[in-house]
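Please keep the sequence and the model in view while reading.

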Amino acid sequence: MTGASWELKGESKRQSILNAIPERWRLEYPVPSATELRDVTGDYIRQYLTEREIKITETDAVDIVAQTSTGRWSALEVTEAFCHRAALAHQLVNCLHEVFFEAAIEDAKQKDEYFAKHKTPIGPLHGLPVSLKDQFHVKGVETTMGYVGWINTFQGNQNDPRSGTEESELVRELRNLGAVLYCKTSVPATLMTGETINNIIGYTWNPKNRLVSCGGSSGGEGALMALRGSPAGFGTDIGGSVRIPAGFNFLYGLRPSSGRMPYQGAANSLDGQSTMLSVIGPIAPTARALTLLFKAVLGQQPWLYDPLALELPWRDEVVRETKELIEKARAGESTLAFGFMKYDNMATIHPPIARGLRIVEKTLRRLGHRVVEWKPPSHAIAVEIFNKIFNMDGGADFEHHFGLSGEPRAAQVIGARDGVEMTASEIAALNVAKREYQKQYMDYWHSTAKLTGTGRPVDGIFCPLAPHAAVIPNQYKSVGYTGFVNVLDYTSIAIPVTFADKKVDVQPADASVNDFEHIQWDYDAEAYDGAPVGVQLVGRRLQEEKMLTLAEYLGEEIAQDAK
């Protein structure tokens, strides 16, 4: 395919997305430039919506289901409201790859008919619109994953019988649960970058500050939710791709351990690489919405349909135990302890991140929790392992899929370009190195029992999601803060904290070098102004129930201290 033809094909697909938006929802006037208007959330997008649409779309997923599953709100009006707001969101920041609003509206009507007939909801997500990262196959809907060469194909394969008929396991389960699927969101081609850019829709911008990135690779999910065009959705994470967009868009995002969510039937990069598995996780504006989605999917017993899913149902007993610890803490007992890592000794952090961490530490101490300085095995080892995993095929997968159209690869994409593939012996050695590092980290975590005063090791660790707030394009410094979690296969949740402020995030006149040696003061405070700041709460492997419970509790407390 010639350069001109891939450009034309990408442009045609880009226009088809806009054409799928009903005319009544298309913006009549050009959107002001980012230099004129950075923030298109809140009042800006609300001007195009009715009061009823605003009420519906700014309601939490848990409360939406409480309305739709009792018949107080129809699935149809909820679906139409979110379709409208998603259409606006795409026109503001380029966050959608696929629009199937008509099918969603018909689906919503059927759910209303079912409720009218049976007086009961279809499932725990009855009538809830759910957005999907463009890795999940939906019948009758294309999956491009950001590649021009995947347009009008099945994952780049011409005349594949699965084209237009395949559905991912997660999609099947969401339908069974009563969810309404209505759009698929933008990703960077390859999925391997903390920004979202491809040759189909271009760059997906951050709705809160359109000079900076929405994150990646589940960037469209983050941007859509920042504009409240979705109440909840699903992304994937192999190096931070759920947590980074969540943090960059002031959202919550769960990276579960591998095996808890069904990946069967989803498109992916580096498919077959099993040294460090990509995982599916929910993203939402509230922690309890993550719990709603996660628990609902587990209720579908995905281990019966996905050979890699673990037979591990939702554990109410873990939630109860965690809530008991929280209640004891509220009563004045020192029952919870957290590791705290401000700096990984590799990537210095920007002032807004340092301030976000100070807010979190203040909250933990105010609540009477023990804070332990986190001094784990070197994270440089984790980053080295992480990079080798991404480079093990020498770039063969990426080059193949870019080669289908001849399109160029974005500068932000990480991964090998040298064409040198690892041998089986080298991959085996890498697997051993990863296992040994996991053991060292496990032993260190257990050793903190003698420091916490609770009789147990730390309950979780807090650390940055990235060295910076939602990042200036092409300036993502390091994925080490999220990537170490993937190497360990730990549970992690992004928690929103605050926003970068050019007037606040400045170097104090009396700051000593030692106190601030991990902070990079030479940053563009003007450009970052208003960018969301998040942190992550990391738990050990398969501790999703505990981390979700802690995130809901601590997220609310952190929000109070951030005001």
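## Helix α13 against helix α15

In this predicted model, helices α13 and α15 are roughly antiparallel to each other, because their axes cross at roughly 150° and angles over 145 degrees count as roughly antiparallel. Helix α13 covers residues 379–390 and helix α15 covers residues 424–447, and their axes come within 10 Å. The crossing in which α13 passes α15 is left-handed.

On the α13 side, the contact is made by H379, I381, A382, I385, K388 and I389, while α15 contributes L430, A433, K434, Y437 and Y441. Sorted by class, the residues of this contact comprise eight that are nonpolar, one that is polar and two that are charged. One of the α15 residues in the contact is A433, and A433 counts as partly exposed, at 31% relative accessibility. Although A433 and R370 are 63 residues apart along the chain, a separation of 32 Å lies between their C-alpha atoms.

## Helix α13 against helix α17

Helix α13 also meets helix α17, which spans residues 480–488; the two axes come within 9 Å and cross at roughly 75°. That angle falls in the range of 65 to 115 degrees, and α13 is therefore roughly perpendicular to α17. From α13 the contact draws on H379, A382, V383, I385 and F386, and from α17 it draws on G480, G483, F484 and V487. Six nonpolar and three polar residues take part in this contact of α13 with α17, and no charged ones.

## Helix α4 against helix α10

Another helix pair is formed by α4, residues 61–68, and α10, residues 287–298, which pack with their axes 8 Å apart and at an angle of about 55°. The two helices are therefore oblique to each other. In α4 the residues A61, V62, D63 and V65 meet R288, A289 and L292 in α10. By class, this contact of α4 with α10 contains five nonpolar residues and two charged residues, with no polar ones.

The side chain of S131 makes a polar contact, at 2.9 Å, with the side chain of E221. When its neighbours within four places in sequence are left aside, the residues in contact with S131 are Y182, C183, T185, E221, L224, M225, S230, A232, G233 and F234.

M192 is found in the loop between β3 (180–185) and β4 (197–198), and with a relative accessible area of 4% M192 is likewise buried. Between M192 and V413 there are 221 residues of separation in sequence, yet their C-alpha atoms are 5.5 Å apart in space. Not counting residues up to four places away in sequence, M192 touches I238, S269, L270, F390, F398, Q412, V413 and I414.

## Backbone details in loops

Most residues other than glycine have a negative phi, and most peptide bonds are trans. Against that background, the following loop residues deserve a look.

Q155, in the loop between β2 and α7 (169–176), has a positive phi of about 55° although it is not a glycine. Q155 is partly exposed, with a relative accessible area of 22%. A positive phi, near 60°, is also found at F250, again a residue other than glycine. F250 lies in the loop between α9 (243–248) and β9 (252–255), and F250 is partly exposed, at a relative accessible area of 27%.

The peptide bond that joins G216 and S217 is cis, with omega at about 5°. The place of S217 is in the loop between β7 (209–213) and α8 (219–226).

Definitions and conventions:
Residues numbered from 1 in each chain as written. Predicted model: local features only at pLDDT ≥ 70, side-chain atom pairs only at ≥ 80, totals over all residues. Heavy atoms only, no water. Axes fitted to C-alpha atoms, helices over the stretch in contact; angles between N-to-C directions. Helix = DSSP H or I, 4+ residues; strand = E, 2+ residues; numbered from the N terminus. Parallel < 35°, antiparallel > 145°, perpendicular 65-115°, else oblique. Left-handed = near helix turned anticlockwise from the far one by under 90°. Contact = heavy atoms within 4.5 Å. Nonpolar A, V, L, I, M, F, W, Y, C, P; charged D, E, K, R; others polar. Polar contact = N/O pair within 3.5 Å; in protein donor to acceptor, adjacent residues only side chain to side chain. Buried < 20%, exposed > 50% of the residue type's maximum accessible area, 1.4 Å probe, protein only.
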